[in-house]
Amino acid sequence: MKDIPSFTHLSDSQIRDEVARSVGSERASTAHLIAVLAEYDRRRLYLADGFKSLFLYCVDGLHLSECASFTRIRAARASRQWPAVLRALRDGSVTLTAISLLAPHFTDANCEALLAEARHQRKSDVERIVARLAPKPDAPSLVRRIPSPSIGSPTAAALHAPRPSQPQAALPSQLHPAQPPQPQPAQQPPPPLAEAMSGSPASPPSLRVTTAAPLPPLPKLTALSPERYKLQVTIDEETREVLKQAQDLMRHALPNGDPAVIVARALRLLVDDLLKKKAALTQRPRPAREMTDGSRAIPAAVRREVWSRDRGHCTFEGPRGRCDARSPLEYHHVIPYAMGGQATADNIELRCRAHNAYQASLDGLGWEPLTASESG
């Protein structure tokens, strides 16, 4: 087996070319795997190889993860009916994840159009396409107390386990008021996934291997239908009281006290307040003050003009185009302050923190590469 090569001797441009070449090679290999897996599935060779389903062959025979097996099987079966799937995977215009999300909605009439619409789109964008194709009803507005797990249970241990360098995630709220809270079972391979891939019921409970409960998931924003999203969070007692007070104060205009309306209005006020502090955006701006020479402070009028001009985006331009980061944004001196640059609108740009630090390194002002934890 050959050793993994080192690329430290290559120039920056050669590294870029090598990355692009490697990605192209990976895409071609993925499309090749999907094509041969589709034929393997068509012939049901997994049965002769001792597996009752293609899913188990991928997991136990090829040692792919459950998620990787699911996406590849769904793409393989879709490619048998719609060859355009393989072409999209080979040229990298659509990812395996996008294919797995769209495949249940493909038809002979819409496959090509959906692949074109999903071209180079992120997962969240593809989820919005799916929400348009198969809209779900709005989630009911509900505030409900979450039952405390019993001491010593796997769930309780997971809740109180330390999580270095990360804030503790919130538990999702319960969405079924008519039913009492049910204890969560130990983590298992998802039955719908296994059954969908195998075409047979999941293994009997006596044969399943149980594991400790996972850590609570992060709050999630899910597309339900076009322009409709489900937000699921957990709040503490103090926040619950603030919400209840807001509902009481709005009964004249909002008789049902819908939390969704209150959250929408509260977020709008919060964003307006943050923009006022960050970008000096206000309904009645004060007259611009005369800037003091040599001052590092950026006047409110300059911050306001720069934010509006740069549209709240990082302005760094690379070989592939402009960075589209919206956070965390900082005000960047085109001519560095240390080199005499003034805090004027012509000399100030919005930059994300990473590109602001990167530009400082190019200007010779010192910069250390981000660590793995910082690069996020």
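**A walk through the predicted model**

Strand 6, which spans residues 348–352, is mostly covered, with four of its five residues buried. Strand 5 itself covers residues 329–333, and because four of its five residues are buried, strand 5 is largely enclosed by the rest of the structure. As background to reading such a pair, the side chains of a regular strand alternate between the two faces of the sheet.

Pro328 is placed in the loop between strand 4, residues 321–322, and strand 5, and the peptide bond leading from Ser327 to Pro328 is cis, with an omega near -15°. For context, most peptide bonds are trans, and most residues other than glycine have a negative phi.

Stepping back to the whole chain, the secondary structure of the protein comes to 15 helices and six strands. Of its 376 residues, 28% count as buried. Among the contacts in the protein with a separation of 6 or more, 59% are accounted for by residues 24 or more positions apart.

Two packed helices are described by the angle between their axes and the distance between the axes. Helix 1, residues 12–42, and helix 5, residues 84–91, pack at an angle of about 155°, and their axes are 7 Å apart. An angle over 145 degrees counts as roughly antiparallel, and therefore helix 1 is roughly antiparallel to helix 5. On the side of helix 1, the residues that meet helix 5 are Arg27, Ala31, Ile34 and Ala35, and on the side of helix 5 they are Leu86, Leu89, Arg90 and Asp91. Sorted by class, this contact of helix 1 with helix 5 has five nonpolar and three charged residues, with no polar residue.

After helix 5 comes Gly92, which has a positive phi, near 80°.

The axes of helix 3, residues 54–61, and helix 4, residues 66–81, come within 9 Å and cross at roughly 140°. That angle is why helix 3 is described as oblique to helix 4, and the crossing of the two helices is right-handed. Helix 3 contributes Leu54, Phe55, Cys58 and Val59 to the contact, and helix 4 contributes Glu66, Ser69, Phe70, Ile73 and Arg77. By class, the contact of helix 3 with helix 4 has six nonpolar, one polar and two charged residues.

Leu47 lies in helix 2, residues 45–48, and its relative accessibility of 48% is why Leu47 counts as partly exposed. Leu47 and Tyr57 are ten residues apart in sequence, and their C-alpha atoms are 9.0 Å apart in space.

Because its relative accessibility is 54%, His120 counts as exposed. Ala280 also is not a glycine and has a positive phi, in this case of about 60°, and its place is the loop between helix 12, residues 259–279, and helix 13, residues 300–310. Ala280 is buried, since its relative accessible area is 7%.

Methods: Residues are numbered from 1 along each chain as its sequence is written. This is a predicted model: local features need pLDDT of at least 70, side-chain atom pairs count only at pLDDT 80 or more; totals for chains, interfaces and linings use all residues. Side-chain values use heavy atoms; hydrogens and water are left out. Axes are lines fitted to C-alpha atoms, for helices over the stretch in contact, and angles run from 0 to 180 degrees between N-to-C directions. Angles under 35 degrees count as roughly parallel, over 145 as roughly antiparallel, 65 to 115 as roughly perpendicular and the rest as oblique. A crossing is left-handed if the near helix is turned anticlockwise from the far one by less than a right angle, and right-handed if clockwise. Contact means heavy atoms within 4.5 Å. Ala, Val, Leu, Ile, Met, Phe, Trp, Tyr, Cys and Pro count as nonpolar, Asp, Glu, Lys and Arg as charged, and the others, Gly among them, as polar. Buried means under 20% relative accessible area, exposed over 50%, partly exposed in between (1.4 Å probe, protein chains only). Two strands pair if DSSP finds at least two bridges between them.
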